Amino acid sequence: MKVSEIFFSIQGEGVLMGTPTIFVRFSGCNLDCSWCDTEYAKNDADAKEMSVNNILDEIEKYNSPFVSLTGGEPMIQEGIIDFINALLEESYHITIETNGSIPLDSIPTSEEIMISMDMKCPSSGMTKSEMYDNLSFLSPRDQLKFVIADRVDYLFAKKVLRENDINCPVIMTPVGGMDLKPLAEWVIQDCPMVRVMPQLHKLIWGNAKGV
Ligand SMILES: Nc1nc2[nH]cc(C(=O)O)c2c(=O)[nH]1
Ligand code: SF4
Ligand SMILES: [Mg+2]
């Protein structure tokens, strides 16, 4: 598998925010979001080839049952399902950070898996890539995230929520993860059933790599 980096940090996004978590960041992505904050993982130029066992050996060094698979786009990695099954066997809780453009039905059903699906808004330039069928695959233990750059993105997100039956927590985060006020005020005005959240790791460490 093509790995960009493995690091131990706190979960900075979503309902598990604040939980010490091991991150496995895979290289390679099928999208090209305008505001991507992990350009270095979008192609596999700097990737390290690692087997499932190599990765398991590496993450065993950290003392946490929480693993987050991210990228890039983890779901395009060859062998990702075998890796997920190996993590389940080792009793890890797994968060899968996916961009929503890859079918999610190959992911095993388990209490120990949280699918954290991004829904790409207009400012990303990638809205056409989203697979709306994936929304029906999300259960209450998963989460749906919208990264919001402007009012157009916010209205897009509201429309998606209005037109689809969503069964999991919904999170809105401003692009860059830190300037929360405009988004918070829109949500208060409209009161949709969403949670406004920062990217906690960026509040702590700024826009650094490996955190
Ligand atoms: N601390 C921390 N939390 C994260 N949650 C999701 C991340 C991601 O890049 O997908 C991420 C990340 O890069 N760092
Ligand atoms: S899906 Fe994620 S990694 Fe891929 S281009 Fe968009 S923000 Fe970057
Ligand atoms: Mg990140």
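Close-up 1. Glu78 is exposed, at a relative accessible area of 74% (exposed means over 50%, buried under 20%, partly exposed in between, with a 1.4 Å probe and protein chains only). This is a predicted model, in which local features need pLDDT of at least 70, side-chain atom pairs count only at pLDDT 80 or more, and totals for chains, interfaces and linings use all residues. Residues are numbered from 1 along each chain as its sequence is written, chains are lettered from A and ligands numbered from 1 in the order in which they are written, and side-chain values use heavy atoms, without hydrogens and water. Glu78 belongs to the loop between E4 and H2. Helices (H or I, at least four residues) and strands (E, at least two) are DSSP runs, numbered from the N terminus.

Close-up 2. Gly71 and Gly72 are joined by a cis peptide bond. Its omega is about 15°. Gly72 sits in the loop that links strand E4 (66–70) to helix H2 (80–89). Gly72 is also one of the residues around ligand 2.

**Close-up 3. The surroundings of ligand 2.** Ten names make up this view: Cys29, Leu31, Asp32, Cys33, Cys36, Thr38, Lys42, Gly72, Asn99 and Lys120 surround ligand 2. Each has a heavy atom within 4 Å of the molecule. By class, the shell holds 4 nonpolar, 3 polar and 3 charged residues. Here Ala, Val, Leu, Ile, Met, Phe, Trp, Tyr, Cys and Pro count as nonpolar, Asp, Glu, Lys and Arg as charged, and the others, Gly among them, as polar. Ligand 2 takes up the space of the largest pocket.

**Close-up 4. Helix H1 and its two sides.** H1 covers residues 52–60, and its buried residues are Ile55, Leu56 and Ile59. Seen down the axis, these fall within an arc of 100°, so they line one face of H1. The arc is that of the directions from the helix axis to the C-beta atoms. An α-helix has 3.6 residues a turn, so residues three or four places apart point the same way. Asn53 and Glu60 are exposed on the other side of H1.

**Close-up 5. Ser91, a positive phi.** Ser91 is not a glycine, yet its phi is positive, near 65°. Ser91 lies in the loop between H2 and strand E5 (93–98). Ser91 is exposed, with a relative accessible area of 58%.

**Close-up 6. Helix H3, span and faces.** H3 has 13 residues (151–163), which should span 18 Å at 1.5 Å a residue (the expected span is 1.5 Å times one less than the number of residues). The end C-alpha atoms of H3 are 18 Å apart, which agrees. Asp153, Tyr154, Phe156, Ala157, Val160 and Leu161 are the buried residues of H3. They cover an arc of only 160° around the axis, which puts them on the same side of H3. The face turned away from that buried side carries the exposed residues Val152, Arg162 and Glu163.

**Close-up 7. The loops on either side of H3.** Ala149 is in the loop between strand E7 (143–148) and H3. Ala149 is partly exposed, at 44% relative accessible area. Its C-alpha atom and that of Ile96 are separated by 23 Å. Asp165 lies in the loop between H3 and strand E8 (170–174). At 62% relative accessibility, Asp165 is exposed. Asp165 and Gly206 are 35 Å apart, C-alpha to C-alpha, and 41 residues apart in sequence.

**Close-up 8. Helix H4 and its two sides.** In H4 (residues 181–190), Leu183, Trp186 and Val187 are buried. They cover an arc of only 95° around the axis, which puts them on the same side of H4. Lys181, Ile188 and Gln189 are exposed on the other side of H4.

Definitions and conventions
1 Å grid on protein atoms, 1.4 Å probe; cavity = no way out; pocket = protein on both sides within 12 Å on 5 of 7 lines; lining within 4 Å. Sits in = over half its atoms within 2 Å of the grid points.
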